[in-house]
Amino acid sequence: MHKPVALVTGANKGIGLQIAKDLASQGFTVLIGSRNLEKGEAAAKSIGEDARAIQLDVTNQDSISAAAARIRSELGRLDVLVNNAGISHAGLPGRPLEEVGRSGRPSVASLDEIRTVFETNVFGVIAVTQAMLPLLHEVAVARIVNVSSGSSSLTLNADPANSHRVMFGAVYSPSKTALNAITLAFAIELESTGIKVNAVCPGFIATDLNNFEGTGTVQQAARHPVRLAMLGEDGPTGTFSNEKRQLPW
Ligand code: NAI
């Protein structure tokens, strides 16, 4: 395999699917991580021959280990890992954003829901990254991109002038704050290896995650993660940014 290989978690739909499409058009073989293999295969088909589906539930260690073993045996390399899979709540699909915000307030938030969201958004990223690192260490240029959210910023949410901070509850936003911390921890450990690890906010995008109440498109959302996935040697590591600027942690 001479083409670089990228794995995008949760790539069967939404922003992840668009990131996978864009990486394929940049010359990568893309692996469409998907809990449901059939959905992943349909997504891969929509991209073309540069995409293949791979069963991957980021909360299931057996699934993660099997995916890493398959990448090694079938492709023999991994150059880019995009930790995109994420959930905003643990309820049924289609919950209005306002209701998710209300039930996520720290005084009433369900501990089970907080644990479920952290399991995917935080522990899942750690587990997948740990499993893929041996492969990433073997290539000359490896990049890790973690899809975070501007809503995770403690600095922005500490500002009383920020009208969006009513949405800073105990569930989704703190899970992304923890993801930012994990991003920085990996970036620090991997600094001497040249593997760059960055967190990105894709913008407020209309997807299932927010019941399609977002205002941006997946095409807009994918641009910056793809740029970070293809950073040159002089690019940064250990950053948190959106398309326009560095974001405060
Ligand atoms: P989406 O709901 O369309 O996509 C989420 C993807 O994650 C789906 O493919 C889903 O199957 C997958 N997923 C969920 N749990 C999984 C698990 N246990 N194992 C493997 N895959 C799993 O939502 P969207 O918006 O495309 O989300 C992608 C990322 O962008 C998420 O990390 C989200 O937090 C982040 N984000 C989205 C924003 C938005 O406005 N849509 C804003 C900021 C961040």
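User: Which residues of H1 meet which residues of H2?

Analyst: Contact here means heavy atoms within 4.5 Å. By that rule, Leu 17, Ala 20, Lys 21 and Ala 24 in H1 meet Ala 43, Ser 46 and Ile 47 in H2. Sorted by class, this contact of H1 with H2 has five nonpolar residues, one polar and one charged. For the classes, Ala, Val, Leu, Ile, Met, Phe, Trp, Tyr, Cys and Pro count as nonpolar, Asp, Glu, Lys and Arg as charged, and the others, Gly among them, as polar. Keep in mind that this is a predicted model, where local features need pLDDT of at least 70, side-chain atom pairs count only at pLDDT 80 or more, and totals for chains, interfaces and linings use all residues. Residues are numbered from 1 along each chain as its sequence is written, and side-chain values use heavy atoms, with hydrogens and water left out.

User: At what angle do H1 and H2 cross?

Analyst: Two packed helices are described by the angle between their axes and the distance between the axes. Helices are DSSP runs (H or I, at least four residues), numbered from the N terminus. Axes are lines fitted to C-alpha atoms over the stretch in contact, and angles run from 0 to 180 degrees between N-to-C directions. The axes of H1 and H2 (residues 37-47) cross at roughly 40 degrees and come within 10 Å. That makes H1 oblique to H2. As for the words, angles under 35 degrees are roughly parallel, over 145 roughly antiparallel, 65 to 115 roughly perpendicular, and the rest oblique.

User: And how does H1 pack with H8?

Analyst: H1 (residues 14-25) and H8 (residues 218-229) pack at about 55 degrees, with axes 8 Å apart. So this pair is oblique as well. By class, the contact of H1 with H8 holds nine nonpolar, three polar and one charged residues.

User: Which residues come nearest to the ligand?

Analyst: A residue is near a molecule if one of its heavy atoms lies within 4 Å of it. Of the 28 residues around the ligand, Ile 15, Asn 84, Tyr 172, Ile 205 and Thr 207 come nearest. Ile 15 has a backbone N or O atom 2.8 Å from a ligand oxygen atom, and Ile 205 also has a backbone N or O atom 2.8 Å from a ligand oxygen atom. For Gly 10, a polar backbone atom is 3.0 Å from an oxygen atom of the ligand.

User: Are H5 and H7 roughly parallel or oblique to each other?

Analyst: The axes of H5 and H7 (residues 172-190) come within 8 Å and cross at roughly 20 degrees. That makes H5 roughly parallel to H7. Their crossing is right-handed.

Conventions:
Helix = DSSP H or I, 4+ residues; strand = E, 2+ residues; numbered from the N terminus. Polar contact = N/O pair within 3.5 Å; in protein donor to acceptor, adjacent residues only side chain to side chain. Left-handed = near helix turned anticlockwise from the far one by under 90°.
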